[in-house]
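Okay, thanks everyone, let me put this one up on the screen. I'd like to talk about charged pairs to begin with, and then about aromatic rings.

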Amino acid sequence: MNKIIKIILGIFVLLFIVALFSGGDDSTSSQVQEPDTASEAATEQKNVTTSSSNETVKETTSSEEPEKETSSSEEPEKEIVSTSFSDFALYSDSTATSLQKESFFDDNYKGKYVTWSGTVSSVSESYGSYTVQVKHKSSTLVSDVIVKMRDDQKDKLLQLKEGSPITYTAKMTRYGDILGMSAEDGTIE
């Protein structure tokens, strides 16, 4: 008796799965867009009748090469706005006010990438996030920039020691007088 119930249940599940994948609701079917007039010459259209219904579907094929898709492993090109910490000379100007420095940072660096070289002050990991504190001026006590590194940089970070030279690329996020500047999406060059 149990064997018969299992067979019936298996057939029911099989029929349910087949029903899901065949036909279905018209609102869930994908639509084919009409080609624009510039590419109509290179496009061929044909009508196809599907076996699960009597609907006619317009299928579009093109003899043009499809556009290249960027793979997820390729990174978009980052525009580097500065390659030297000395470009931010106002940071070292003792007569400049905090408001002037912050305004200059926001106008020229915030949300933009830099590639700067400095000296490692510390490397740490907290809650799965890696940070490097970097000194760019000899008079700096702790760090000038705190860089949140990308996860794929762990192997390179393990090679660093306090006082090691470092060149990094990162997106600048915040200016601060006491804690210095912050950056994210950091990579070691």
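Predicted model: local features only at pLDDT ≥ 70, side-chain atom pairs only at ≥ 80, totals over all residues.

Start with Lys78, which pairs up with Asp185; their closest N and O atoms are 3.6 Å apart. Why care about where these two sit? Lys78 is in the loop between strand E2 (56-62) and strand E3 (80-82), while Asp185 belongs to strand E8 (residues 181-188), so this bridge ties together parts that are 107 residues apart in sequence.

Glu184 is in strand E8 and Lys171 in strand E7 (residues 165-174), so to speak a link between distant parts of the chain, 13 residues apart. Both ends are partly exposed: Glu184 has a relative accessible area of 32%, and Lys171 has 25%.

Then there's Asp152 with Arg150, where the closest N and O atoms are 2.6 Å apart. Is Arg150 buried or exposed? It's buried: the relative accessible area of Arg150 is 18%, and the cut-off for buried is under 20%.

Okay, on to the rings. In general, you describe an aromatic pair by how far apart the centres are and by the angle of the planes. In this model we get 12 aromatic pairs. The one I'd like to show you is Phe88 with Tyr109: centre to centre that's 5.3 Å, with 40° between the planes, and that makes the pair tilted. Again we're linking distant parts of the chain, 21 residues apart: Phe88 is in the loop between E3 and helix H2 (98-108), and Tyr109 is in the loop between H2 and strand E4 (113-126).

And how accessible are those two? Phe88 is buried, at 0% relative accessibility, and Tyr109 is buried as well, with a relative accessible area of 4%.

Phe88 and Tyr109 belong to a cluster linked by ring pairs, together with Phe85, Tyr91, Phe104, Phe105, Trp116 and Tyr175.

Notes. Residues numbered from 1 in each chain as written. Heavy atoms only, no water. Salt bridge = Lys/Arg side-chain N within 4 Å of Asp/Glu carboxyl O. Helix = DSSP H or I, 4+ residues; strand = E, 2+ residues; numbered from the N terminus. Buried < 20%, exposed > 50% of the residue type's maximum accessible area, 1.4 Å probe, protein only. Phe/Tyr/Trp six-rings, centres within 6.5 Å; stacked < 30°, edge-to-face > 60°.
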